[in-house]
Amino acid sequence: MKSGKHVLICGGGIVGLCCAYSLSREGFAVTVVERNAEGADSCAQGSAGYVSPSHVEPISAPGMVWQGLKWMTSSRSPFYIKPRLNLDLMRWGWLFARYCTPEHRLRAAPVLAQHCLESRKLFVELAEKTGNHFEFRQEGLFNLCKSPETLAKYEKGLAALANAVGVEARILTPQQVADLEPGARMDIAGAVYFPIDAHLSPRKLMPALVALLLREGVRFHWNTHIQGWRSASGRITSLSTSSGDLTADEYVLATGSWAPETIRGLGLRLPMQAGKGYSLTLEQPRFQLKKPMILSERRVAVTPMGTTLRFGGTMEIAGHQDQVRPERVEQIASAAQHYFPDMRTEDFAGVTPWFGYRPVSPDGLPYLGRFTRLSNLTAACGHAMLGVTLAPITGHVVAEVLAGRKPSVDLSLTHPDRFA
Ligand SMILES: Cc1cc2nc3c(=O)[nH]c(=O)nc-3n(C[C@H](O)[C@H](O)[C@H](O)COP(=O)(O)OP(=O)(O)OC[C@H]3O[C@@H](n4cnc5c(N)ncnc54)[C@H](O)[C@@H]3O)c2cc1C
């Protein structure tokens, strides 16, 4: 049923596109405003493409403060915060440290699991609806562990937590891993296997979504930079852009890691840091996998995408800095050889590193819901490592909220004003 209301979605990344999809199906007239051209890069495109209910642990997990401090001493570590005098970073770091507790982990896990599992179902529907041109595969995911100590830690930690919140996790021996994944020789002590996880090819998903949205009547303002807002009486009245002012009944903030700067001047507080990550895609890999994997000790993701094989990882909190740091890219390539003895340094020769910025909130949970001070502005950002996984449920919930229905998932921890 058409609501007749017009929604402007700020940002055309994976989250913005999924919001557009659900809102349009809900009967809203939808316009997406994106500063880049159609088909340009965005954070999802070079991602590992996991749809991963296994990620029930928020990034702000117990032990991360100590681990992060240790890793801060090396720009080669998987998680690196570049020390700098910046008030936003200091405030974010302080909040992040406050959330690295067992209590937060236990509170966040069922919420993340519920959102991820619901989102996975929506991906199944989307794949059916679009002919699955984006190669959605329900193959599960391995957390490969090089050492018995890591395997034991994962068994007691992530696997136990996942099983407790309804995401099945199995501990496998190296032989059991090899039986399930005969494509590659692996030097490991074992793995945690999450049968419910899935993966897809994000470079195929994004154009498939845009094509679907165009068919649904969604309008796009590409190459349009959001510059500011006008508001009155607790509502947004218009959006100032490089193509002039745009007006709507409702506005959705989906500008990813740029969300805090997008809303500058509105008096809202949305702590967020850009978590830069890299990926390397081998066009003709030496071997191909069926299932995606995480190289646990090195925090590197490996995903088969069609005939290509993608390696991705590292989290660098250093602002939006577009230069490539070779030492971080080398870490990804060296991790691959550590777990796959057949891989060679030259396999990565000539591969252009991709990078993108994850939108990272201090408690590792997205910002999802209406802002209290501006009643027609809704947040849909801050998904950190789970933006691809959670995009469909985020869109679904935004549509429910704007339609005035009760959200179908728990939003008690995702309020955008929780740090205000
Ligand atoms: C190496 C790596 C691997 C990853 N792997 C996975 C994975 O396997 N699974 C998973 O679930 N997630 C993964 N992620 C995380 C995921 O990619 C992100 O969480 C997700 O893409 C964020 O999407 P978004 O739409 O919120 O933000 P973005 O993709 O950043 O989109 C925001 C959009 O807003 C636009 N914008 C910003 N400012 C303005 C403005 N002023 N005016 C107009 N437009 C503007 C930008 O141009 C951009 O297109 C990975 C990330 C990285 C870096």
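These legends describe close-up views of a predicted model.

**View 1. The shell around the ligand.** The ligand is surrounded by 34 residues. Glu34, Tyr50, Ile226, Ala384 and Thr389 are the closest. By type, the shell holds 16 nonpolar, 15 polar and 3 charged residues. Domain 1 (6-44 + 204-270 + 363-402) and domain 2 (50-199 + 272-360) each supply at least three residues.

View 2. At Ala384, a backbone N or O atom lies 2.7 Å from a ligand oxygen. At Val15, the distance from a backbone N or O atom to a ligand oxygen is 3.1 Å. At Ile14, a polar backbone atom is 3.3 Å from a ligand oxygen. On its own, the ligand has 1,000 Å² of accessible area, and the protein covers 97% of that. Helix H1 (14-25), strand E14 (273-282), strand E18 (354-360) and helix H10 (387-402) each give two or more residues to the shell. E18 gives the most, with 4 residues.

**View 3. The Phe142 and Tyr193 ring pair.** The model has 14 aromatic pairs. Phe142 and Tyr193 form a tilted one, with 5.0 Å between centres and 35 degrees between planes. Phe142 sits in strand E5 and Tyr193 in strand E7, 51 residues apart. Both residues are buried.

**View 4. The Phe287 and Phe340 ring pair.** The ring centres of Phe287 and Phe340 are 5.3 Å apart, and the pair is tilted because the planes stand at 55 degrees. Phe287 counts as buried at 11% relative accessibility. Phe340 is buried too, at 0%.

**View 5. A cluster of rings.** Trp258, Tyr278, Phe355 and Tyr357 are linked into a cluster by ring pairs.

Methods: Residues numbered from 1 in each chain as written. Predicted model: local features only at pLDDT ≥ 70, side-chain atom pairs only at ≥ 80, totals over all residues. Heavy atoms only, no water. Near = heavy atom within 4 Å. Polar contact = N/O pair within 3.5 Å; in protein donor to acceptor, adjacent residues only side chain to side chain. Areas by Shrake-Rupley, 256 points an atom, 1.4 Å probe, with all protein chains shown as cover. Nonpolar A, V, L, I, M, F, W, Y, C, P; charged D, E, K, R; others polar. Domains from an automatic or database assignment. Phe/Tyr/Trp six-rings, centres within 6.5 Å; stacked < 30°, edge-to-face > 60°. Buried < 20%, exposed > 50% of the residue type's maximum accessible area, 1.4 Å probe, protein only.
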